Amino acid sequence: MTLHLNDLGLLCAVGNSKAEVLKRLLAGDRSGLSASDEFGTRCMVGAVSSDLPEIAERYRVYNCRNNRLLLAALSQIEQTVGDMIARFGVDRIGIVLGTSTSGVRNTELALDYLADHGALPKEYHYKQQQMGAGADFLADFLGVQGPAYTISTACSSSGKAFASARRLIRQGLCDAVIVGGADSLCGLTVNGFAALESIGGGLCKPFGLHRDGINIGEAASLFVLSTEPGPVILQGIGASSDAYHFAAPDPEATDVIRAMQIALDDAGKTPDQIDYLNLHGTATLLNDAMEGKAVNTLFGSTVAASSSKGMTGHTLGAAAALELAFCWLLLTSDDQQGALIPNINDDETDPALPALNLVKKGGALGRGINTCQSNSFAFGGNNVSIVLGRA
């Protein structure tokens, strides 16, 4: 059974439409990252800059920034979603999302209000921060009745959502699934990563000699997955869990290598058939060293690779879906020279890392891009790697 990614809606720090995002990514534009002290820790963040759609009063229990991000992404694919509903019926459309924060920011603001006024604001509802709120909201908004749920496995969340979405179709429970993820900026993650000493002192430097931590970002990315013909094929998924440490990656990278190899095997591909590899590349000392070792071991030093987080920040539970969106954009481009996403860090590459073919600004494959792979790794050793191909 061949599954296609029929359409894509996304917004992140580098843009609010497919065309804008691709243009700024290829240009190596870091202007979406800016300094903020909104959350109690002054640091660089990747915030979505566009005006977000309002959530109607009838859905007020879902009214939070995370769901407004999802609604904005949904608006970009509403025609395709409508066509799928008309073709298959509301009971055959599923929704699977990934997130790590949902609407936690609403609770933070509500608790601030409580401290000042002695009561929670009347517009606050706990549903706004529940992990499953995004899938519930989209199902209610669209009126679809298939399985709708959210996966929260930290920074691999929306990657795991693709595995679940594929399973729903393969098992005959759905004909189409809206799959992706969203995460919005909040104090919980900014201050949590600061407590772990994982926040960068300035702009993040993936694989850079002077890398010192992440920039946190926010994003939403939604796909339509189905058996209907589409421009991109979901070819392979690999997942593993090494449970090495709560927050640190296994330096031997054994299970990260396994996840990438499973994805290749599932896709029927060999490492030399991958045209571009989107790296997890968080710009922390340990993660980049681990991933560099894993990629060099499996792919050698030839596959074109980059971390896009130097332009978007690390969007946590939405990162896997967002970076698969970047691969989708490359695969649907008609650029015959195969322009690639550069690894932007404004730094020299760390010579202590295993050799990687990190894409420089203006880099290109020299032909059309046919196959991409993307990695996402999470706390606790929860790993996912996904292969997409041009249809």
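Student: Which residues line the largest cavity?
Tutor: First, this is a predicted model: local features need pLDDT of at least 70, side-chain atom pairs count only at pLDDT 80 or more, and totals for chains, interfaces and linings use all residues. Residues are numbered from 1 along each chain as its sequence is written, and side-chain values use heavy atoms, with hydrogens and water left out. The lining is Asn66, Leu70, Leu97, Gly98, Thr99, Ser102, Met131, Gly134, Thr150 and Ala182.
Student: What counts as a cavity?
Tutor: A set of points on a 1 Å grid over the protein atoms alone, where a 1.4 Å probe fits but cannot get out; lining residues have an atom within 4 Å of a point.
Student: How much space lies in the largest one?
Tutor: About 40 Å³, the volume being the space filled by probe spheres set on the grid points, which are joined across faces, edges and corners.
Student: Which elements each supply at least two lining residues?
Tutor: Helix H2 (65–75) and strand S4 (93–98). Helices (H or I, at least four residues) and strands (E, at least two) are DSSP runs, numbered from the N terminus.
Student: Is Phe207 buried or exposed?
Tutor: Buried, because its relative accessibility is 1%. Buried means under 20% relative accessible area, exposed over 50%, partly exposed in between (1.4 Å probe, protein chains only).
Student: And where does Leu316 lie?
Tutor: In the loop between helix H10 (309–312) and helix H11 (319–332). Leu316 also has a positive phi, about 55 degrees.

Technical notes:
1 Å grid on protein atoms, 1.4 Å probe; cavity = no way out; pocket = protein on both sides within 12 Å on 5 of 7 lines; lining within 4 Å.
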